[in-house]
Each structure stands twice: as structure tokens, then as C-alpha cells.
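Hi everyone, thanks for coming. Let me put a structure up on the screen, and then I'll walk you through it.

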Amino acid sequence: MTSRPTLKKSFYSALLLGVFGVLGALSAPALAADPTLSIVASANPAVQGSVIDLNVLISDVSDLFAYQFTLSFNAAVLQATGVTEGGFLASGGGSTFADGGSINNSLGSIDLVFNTLQGAVPGVSGSGSLAHISFNVLSVGSSVLNFSDAIFLNSNLGDVTVTTQPLTLQTVAVPEPSTYLLFGAGLAGLAALRRRAA
């Protein structure tokens, strides 16, 4: 007969602990997500024979002092022509030292792009552009642009965990001249209708 009250007390204790645990979890602030490293293309799809620019972005980072990454791409579709520094680290007011990495258009990679603040200064927080990369569009197809060798450091040279987001870039052929003629004829017709309405 004495075992039942003991079981009831244990059950109620466990139930109360569970309820308070859930309430505590609900009232606790949500853990912040990792900063995200991503790419935005000036055109997607991009036209064969054109030049496109990629903007490498970081979002929601805290105390970023230095970074490096490698970017891979489909060398049959794209040809990298240059890498320039984005303005994010410099926006903190400190001087920076950057390198556009090593372009390998045979293998389809830009190896070890890096940038760092100089001196005993705090890192930069927020979101912004880390690098700008230019490509010639060689052919019709698609290219996955993917990050590797990503290292991000804070002002204490501790690791900053970053989530990377690849981008799939589609490329298309130059429109046929007949397409331009039809488009031009349509615009001319629209202009004539507007003149009549006026």
C-alpha cells in the first residue's frame, strides 16, 4: 500500500519538472543562427558571351576580423576574370589587407580568397559584401558555385562558425535576331497606339 503514494509523488514530480522545463524553454531566448556566407549574381540566368558579377555576402556576423574561402565553379560554363575586395571589413573603420586568391580556370576554382583587418581593432558586426568576382559566360548550361576552405575569425582569432550557401547559376544562349525584331515591332506598335490615344 505504501508503494502507490510513492509512485504518485514521483509521477507528479516528473510532470511538474516537465511542465516547468517546457515553460523555461519557451521563455528562454532563441539561440542565434550561425552567420551565412552566400552569393548573389548580377544575372541569373546569365546570357552566353556576357560578363556577370558575383557578390559574396556575409549576413548576421559578430566581431568578424578575418576570413578566407575557396570558390569552385564549372569551368566549361564560366571563366573567372577577377576578384576585388568587398567593403564589409573596411566599414568598421580599420585598415585591411586583402588578396583575391589564385584563379584556376582549368579546374574551375578561385583558391584562398582572404581579407583581414590590421592592428588591435575590434571586428565588424552585421551584414555586407566580402568580395566581388567577375566571370565571362562561356557556354550554355549551369554551374554550381560552392564554397570550401572557409575560415572565419573574430578579433581574438577564435573561430566564427559560418553556414555556407551554394548558388546554382543557369546560362542561356543569346536570343535569335528574330526575337529582337519581334520585340522591336511590339514596342513600335505600342508607341503608335499611345500616339493615337493622345
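This is a predicted model: local features need pLDDT of at least 70, side-chain atom pairs count only at pLDDT 80 or more; totals for chains, interfaces and linings use all residues.

Residues are numbered from 1 along each chain as its sequence is written, and side-chain values use heavy atoms, with hydrogens and water left out.

Now the overall layout. Helices (H or I, at least four residues) and strands (E, at least two) are DSSP runs, numbered from the N terminus. The chain has two helices and eleven strands, and reading from the N terminus the order is α-β-β-β-β-β-β-β-β-β-β-β-α. When I say contact, I mean heavy atoms within 4.5 Å. Of the contacts with a separation of 6 or more, 77% are between residues 24 or more positions apart.

On to the inside. A nonpolar core here is a set of buried Ala, Val, Leu, Ile, Met, Phe, Trp, Tyr and Cys residues joined through side-chain atoms within 4.5 Å. The largest one has 38 residues, and L54, L71, L78, L130, F135, L145 and F152 have the most contacts inside it. Two or more residues each come from β1 (36-41), β3 (51-72), β4 (78-85), β7 (109-117), β8 (124-137), β9 (141-154) and β11 (167-172). Which strand gives the largest share? That is β3, with eleven residues. As background, nonpolar side chains in soluble globular proteins tend to be buried together.

Let's zoom in on L71, which sits in β3. Is L71 buried or exposed? L71 counts as buried because its relative accessible area is 0%. L71 and G101 are 30 residues apart in sequence, with their C-alpha atoms 9.7 Å apart.

Next comes N154, in strand β9. N154 counts as buried because its relative accessible area is 17%. For the polar contacts, I mean a pair of N or O atoms within 3.5 Å; within protein, one must be able to donate a hydrogen and the other to accept it, and residues adjacent in sequence count only if both atoms are side-chain atoms. The side chain of N154 has a polar atom 2.9 Å from the backbone nitrogen of N156, and the N154 side chain also reaches the backbone nitrogen of G158 at 2.8 Å. Setting aside neighbours within four places, N154 touches D63, F65 and V160.

T96 is in strand β5 (residues 96-99). What does the side chain of T96 join through a polar contact? The partner is the side chain of E85, at 2.7 Å. T96 and N115 are 19 residues apart along the chain, and their C-alpha atoms are separated by 6.8 Å.

Accessible areas come from the Shrake-Rupley method with a 1.4 Å probe, and for residues only the protein chains shown count as cover. The chain has about 11,900 Å² of accessible surface, 61% of it belonging to carbon and sulfur atoms. V172, in strand β11, counts as partly exposed because its relative accessibility is 34%.

That's my tour, and I'm happy to take questions.

Note on methods
Buried means under 20% relative accessible area, exposed over 50%, partly exposed in between (1.4 Å probe, protein chains only).
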